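Here is a short briefing on selected local features of one protein model. Please read it with the structure open.

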Amino acid sequence: MSQQSETLNSIFAQQFPLIPETESGQNHQPSASEYIVTDAQTIIPKIAVTQNHHSQQSENITTASDNQQQTTINEYVNSDFDSQNLAITPEIPSEENNQPDNSQNIIADSFIATATDSDSETTINEYTVTDTETQPEITPNLPQQNQPLIGIIDTGFLANNPNIDYSQIRLGKDLIEGDNNPLLQPNQENQHGDTILEIISHSNNQNATKKSTPIWLGRATGSGKWHQSLIEFVDASIASKQPNAVVNLSFDLTQINPDGTQTTRHKLTAEEKSALKYALDNNILIVAAAGNQGELASALGQASTEFDNIITVGAAENNNRSAYSSYGEGLDILAQISSPQTAEPSTTETKQGTSIAAAKVTNTLSQMWAANPSLSRQQIKNILLKTASDIDVPGWDERTGYGILNRELAIATAIETIPTIPVLAATKHLTKSLIHADANTSNSSNHTAAKPSERPALTNAAGNTPKTTSTSTGDNEAGTSSYTTELAPNTTTTTSNSNGTTTTDSQTNSHFSNTKSSWDKSTVNTNSKGNSFNESTSDSSTNAATYTSKNFSQNSVENTNQSQDNYSRVKYEGTRNDQSSSNQKARSSSNYTSPSQTTNTTDESYRNSFSQSDSKYGTDYSMSNGKRQDDWGSKSTSNTRNTSSTDSSFNNSSTQVQGKADWTNSSNNSSYTNTHSGEENQVYRSNYQSSSSSGFYKYGNSSDNYSVINSTWDNTTTDGQTVGSNSRDVYSEANSNTNSIYDDGKSKNTSNRDTYTVNQSQETHSSNGSNYWNNNRGNNYSVTQSNDTQNYKNGPETSSHNQDNYSVSKSNYSNSNSEGKVSSNSEQENYSENHDRWQSEYKTDTYTTQSSSDESTITATKSNSSTEGSNSTSSNSSDSSRTRNSQTVTTYKDGRKTENGSSIYEKWSSESTEDSQGVVSWVSKYSSWSSSYSKSYFKGGYSWTETVSGYDSESVTKEGVSTSNGSSWSWTRSGTVWDDGPNNWSESWSKSSWKDGKYAPGESEETGGVI
């Protein structure tokens, strides 16, 4: 393996220059919808509500960068970066432009059930709850590392909802009442926000070991200041140091016109734009409701065309867009809605609207990030949209977005996706022209006409134009031709700077192909050759106030091919030769540094392929031969170190893979032969170490792991008959240690555990036509050793306990299957020792008691089993022994003293054998021996007792006949000893025995006297 590792390292050392990385073009995503009024004095907000869904994956999402696909494992980052710290203070720009400032005319955000004037009374959005005075205790916990921070800006939230875990709630400001508490008492104004909070906080994956997702609440809908609440949430997210955050805006924007009518507002104020940009600059995802007017969405619903961190959500029912759900260029996705009416006594109908749809998407995003916290904002958005079930027009369209939310598929895809460089989410561009206003693409009544798209068409930067030349001579009887296409090496480089991140991307392409033909009356000869090269690189670096990072990736593919084709023009015969090669290389690295974390990763891989074939054919024959050779390799490393005031850890790992394979094929008329052979080797190493402290506790952990996997295969198929052999060898070993200390001044406890394991296995599969052989074998070895000590001292009492444990486990197995004839064999051995020692002392002014005891247990077991066809045998044996000793002494200051003690020894053993017919033999034995004594000292003498006893038994089963026998005995002595007088004593003993359930006459004797 060391030679293989050196070979792989030498290959990598030759081939990978550093090249910068490309950032994908920005994706377009929708914004929040809140009902704001301009040129009016009142506002009535809109509520959106939703239903369940079933959906399928949509495959129509692309990034904006030349239709580049979503980032995969092949996009990498660079570790060779020198960290620098650049402080960045986020600001909200004034954004002065020619747009009129409507801030003076904006009235409070509000919810609208129907299009009414400002005096209309809102009932559809009132939600009632039980009346109670309980005020929850709000604990401003920071988000857990695997949980995103969720924000909700709405009408207000109940202070005593039994379905909410208030320990995870973080309170923002109430911009309606002008205080710092957005929580409401029962029946206090509109509680639409409480319904949204319930949907977002609900998780189908909750369990007892995970805390609820942390949620920040702000009350602003109805104040006209939702953008101020959004800025407050962004600041809260920055302060929490949580890298992932999403905010839900389940409201729409409306305005009251001079004639008193209320309509959707289609222009953002400068302050609103600044707030949205502030969220974008700080990596905050925004989920916005599209609105319930069934028309072009408001300015917030369309803002995703400008801000790629916004996801605009419409409503769907019965797998069709809801008729009332607004639409437009900003629409990203629909969500099925089904939410029971939360309140009004006069009706039990289901509420419907895009508010609930947006909340369901926010809930899904939080679970996706909780499942894989390392995914970037762009990856999370891409996955959400890509897994949606496409409906109506294929791909994205302005009425249905990318389709209907598929929550389960989105979460599952997030779990399986490998975190990479952040790639902006898919740009929305039409794959089909929009539907005309009078067109009907479905029988559903929910379908309404779409308005023409105003989005500009996607354009690509112009590159070098391929050069094409062609020549020809002669005529159909005889002549020549030549056709050449060539694209000279063309490199495009772009550099961008944004928020402290500098990104340089480059793309190099070249292409050449040439085909020459010549012919006469009898033959045609054609020769072709070509080559192509593509290389993409990306390099980015970020200098932020709290961290620095550098990412690098390089991918290249080089292909060559040539062919020769000759055939007759007068009869059916000819020859053909083809040859091609492909060389692929990839390299990436990443470096991240902050005061508490340093992470470096590198990845390198290559794959080279060469193939060649020739064929010959005629009227009565057809022959061909071909071969292909591949070799590949990869190497990846990861190093992470985390530090804090109480904890530190580091984790290093590396994986190397190298392989090669050969394919051959040949045919002669109807006879053919194909072969495939190769080998692959994988080596994995890792080590981990951590330490932490909390109060009186200190912990430490360490582990080392090493594994090797070797695979080989060799298969030949001739005219449908296969002869082959495949093998897989696995070796792994691991060593781990855990230790802990507790010391509070009274108690001091220490614990240490070491474990070492080795596992080996080999699998071999062979076949020859219908005959086959499968062989498996392996062995496992494990050793565990631990020590625990406990010491306690408090006033007159001291105690200690020491425990040592040692265990060894060994196993071997083998099995084979030869054309249905099965044989197997397995052996298992276990050995363990457990030793405990206790000591204690208790001191008072009048007496002292001292105690000591120990216990040791030793166990050994062994089992064997074998199978040959329908016959099987097995045997088992075990031996255990246990020893216990104890002593207690109490000494009084007046001269008295008591003393007692005991000793016990026990032993168990058993042996058994079985075959296919059942039990062949079984033997079980048990024996014990015990003794105890006590002494009591008093003025003028002492008294004493002593007892010794024993027990033996045996049970035997052989050839269906069972027998048993045993015996027991005891001996007791006692007496009194005086300093100046006669001594008394007594003695007794007894004995009994039995065989096969029948007892023999017992024996006993008692004696005594005075000395």
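Tyr 699 has a relative accessible area of 36%, so it is partly exposed. Keep in mind that the model is predicted. Tyr 699 also belongs to a surface patch and to a ring pair, as set out below.

**Tyr 697 and Tyr 699**
- Tyr 697 lies in strand 23, which covers residues 697-718.
- With 37% relative accessible area, Tyr 697 is partly exposed.
- Phe 696, Tyr 697 and Tyr 699 make a nonpolar surface patch of about 310 Å².

**Aromatic pairs**
- The count of aromatic pairs comes to 16.
- Tyr 697 and Tyr 699 are stacked, because their ring centres are 5.7 Å apart and their planes stand at 5 degrees.
- Tyr 847 and Tyr 892 form a tilted pair, with centres 6.0 Å apart and planes at 45 degrees.
- This second pair links distant parts of the chain, 45 residues apart.
- Tyr 847 sits in strand 29 (residues 847-868), and Tyr 892 sits in strand 30 (residues 871-892).
- Tyr 847 is partly exposed at 28% relative accessibility.
- Tyr 892 is partly exposed too, at 25%.

**Aromatic cluster**
- One aromatic cluster is formed by Trp 908, Tyr 926, Tyr 951, Trp 994 and Tyr 999.

**Thr 400**
- Thr 400 is found in the loop between helix 7 (377-386) and helix 8 (407-416).
- Its relative accessibility is 0%, so Thr 400 counts as buried.
- The side chains of Thr 400 and Asp 397 make a polar contact at 2.6 Å.
- Leaving aside residues up to four places away in sequence, Thr 400 touches Arg 321, Leu 331, Ile 333, Leu 334, Ile 391 and Asp 392.

Methods
Residues are numbered from 1 along each chain as its sequence is written. This is a predicted model: local features need pLDDT of at least 70, side-chain atom pairs count only at pLDDT 80 or more; totals for chains, interfaces and linings use all residues. Side-chain values use heavy atoms; hydrogens and water are left out. Helices (H or I, at least four residues) and strands (E, at least two) are DSSP runs, numbered from the N terminus. Buried means under 20% relative accessible area, exposed over 50%, partly exposed in between (1.4 Å probe, protein chains only). A polar contact is a pair of N or O atoms within 3.5 Å; within protein, one must be able to donate a hydrogen and the other to accept it, and residues adjacent in sequence count only if both atoms are side-chain atoms. Contact means heavy atoms within 4.5 Å. Patches are made of residues with over 30% relative accessible area and no salt bridge: like charges are joined within 9 Å, nonpolar side chains (Val, Leu, Ile, Met, Phe, Trp, Tyr) within 5 Å. Accessible areas come from the Shrake-Rupley method with a 1.4 Å probe; for residues, only the protein chains shown count as cover. A salt bridge is a side-chain nitrogen of Lys or Arg within 4 Å of a carboxyl oxygen of Asp or Glu. Rings of Phe, Tyr and Trp (its six-membered ring) pair if their centres lie within 6.5 Å; planes under 30 degrees apart count as stacked, over 60 as edge-to-face and the rest as tilted.
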